[in-house]
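Have the coordinates open as you read.

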Amino acid sequence: MGKFIGGAGAAFIMCAAAAVIVKFLMEINVFKDKNSVKLYGKVSVIAIAIGLAYVFMAVFMYNEVKEQTNFFEFDKVFAFLDIDSVTEQYKNPVFSQMFGGLLMPLYPCLVHIIGRIVFEQYVLTAEFISFTAACVSACLAYSILKTRLEKEKATDIMLIAVSLPYAFMIFTPTYVSLTLMLMLCGVYALSKSNYKWCIIMLILSCLTSKLGLLLLIYLPLQNSGTVSKVVEKLDKSVLLNNEVVKKIVLSLLILFNGAVMFCLIRGI
């Protein structure tokens, strides 16, 4: 119960801080178009709702196949991601050990700094960063898609994307979500022909995870027109233009994603 109360308190502080920052940015006219703020606010709320659904599902599965735990014990629920060893890097970062696997130093250092502020709730901080990054990623992806597709089709692609196998990883206390956000920032910068910011985002994404190098693949694809051709095919595809097919595909993806999560939590 103590962990639940502590986790809830830390989550409240971080959410309140995020709300204050957004309000401040609106007051100083960084966000000039309030309609856009409302639109992307809705996108963020939907992203949070999907993330919470995944986490609740994971907690339920863990309670059924392992032992009773509360919502904020992410280190137990997502133990299959080796959260315990990663948490040590959050608490006591050791530079020489921050290059294991796909991890890079930026993420554990960021979690360490923020975690010390919120009662040393490092795993909860990592989860909060993942949810925040997921919201930003959703807004960026939706912004990019709606310039190329109709609003309904852009929304459909977003729903399909978060239903893909292993999509729940975006909402786990790992570097995946932050890396994805930085890569999408780079893609967004490229869509605006802002190569300076694209390079900055490439560097930051690579400092977060070695997966950030994937951003290098996008540039030749965009320059060759491959991205535009793929979007055109998606626009005319049966998946986006047939409601029955879309619902069947979404249902199958959600079921398969749930099955993957269950197998990982239970242990294959």
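The largest nonpolar core has 31 residues, and those with the most contacts inside it are Val43, Tyr142, Leu145, Met158, Leu215 and Tyr218. A nonpolar core here is a set of buried Ala, Val, Leu, Ile, Met, Phe, Trp, Tyr and Cys residues joined through side-chain atoms within 4.5 Å. Buried means under 20% relative accessible area, exposed means over 50%, and partly exposed lies in between (1.4 Å probe, protein chains only). Please keep in mind that this is a predicted model, in which local features need pLDDT of at least 70 and side-chain atom pairs count only at pLDDT 80 or more, while totals for chains, interfaces and linings use all residues. Residues are numbered from 1 along each chain as its sequence is written, and side-chain values use heavy atoms, with hydrogens and water left out.

Besides α6, at least two residues each come from α2 (34-65), α7, α8 (176-191), α9, α10 (215-223), α11 and α13. A second, separate core of 24 residues includes Ile83, Val123, Leu124 and Phe131.

Back in the largest core, look at Leu215, one of the residues with the most contacts there. Leaving aside residues up to four places away in sequence, Leu215 touches Met183, Gly186, Val187, Cys198, Met201 and Leu202, where contact means heavy atoms within 4.5 Å.

Now follow helix α6, which spans residues 122-146 and holds Ser137. Is Ser137 buried or exposed? Ser137 counts as buried because its relative accessibility is 4%. Beyond residues up to four places away in sequence, the neighbours that Ser137 touches are Ser177, Leu180, Met181 and Leu184.

Helix α7 (residues 151-161) is our next stop; its buried residues are Lys153, Ala154, Asp156, Ile157, Met158 and Ile160. These buried residues pack against α6, α11 (226-236), α12 (238-241) and α13 (243-266).

Lys246 forms a salt bridge with Asp156, and their closest N and O atoms are 2.9 Å apart. Lys246 lies in α13 and Asp156 in α7, so the pair ties together parts that are 90 residues apart in sequence. Both partners are buried: Lys246 has a relative accessible area of 9%, and Asp156 has 11%.

How many salt bridges does a search of the whole structure find? The search finds five, each being a side-chain nitrogen of Lys or Arg within 4 Å of a carboxyl oxygen of Asp or Glu. Glu67, Glu73 and Lys76 are linked in a network of such bridges. The closest N and O atoms are 3.9 Å apart for Glu67 and Lys76, and 3.9 Å apart for Glu73 and Lys76. Glu67 is partly exposed at 40% relative accessibility, as is Lys76 at 29%, whereas Glu73 is buried at 10%.

Finally, turn to the surface. Leu106, Ile199, Ile203 and Leu207 form a nonpolar patch there, with about 330 Å² of accessible area together. Such patches are made of residues with over 30% relative accessible area and no salt bridge; like charges are joined within 9 Å, and nonpolar side chains (Val, Leu, Ile, Met, Phe, Trp, Tyr) within 5 Å. The areas come from the Shrake-Rupley method with a 1.4 Å probe, and for residues only the protein chains shown count as cover. Helix α9 (residues 195-208) gives the most to this patch, with three residues, while Leu106 lies in helix α5 (residues 106-117).

Key
Helices (H or I, at least four residues) and strands (E, at least two) are DSSP runs, numbered from the N terminus.
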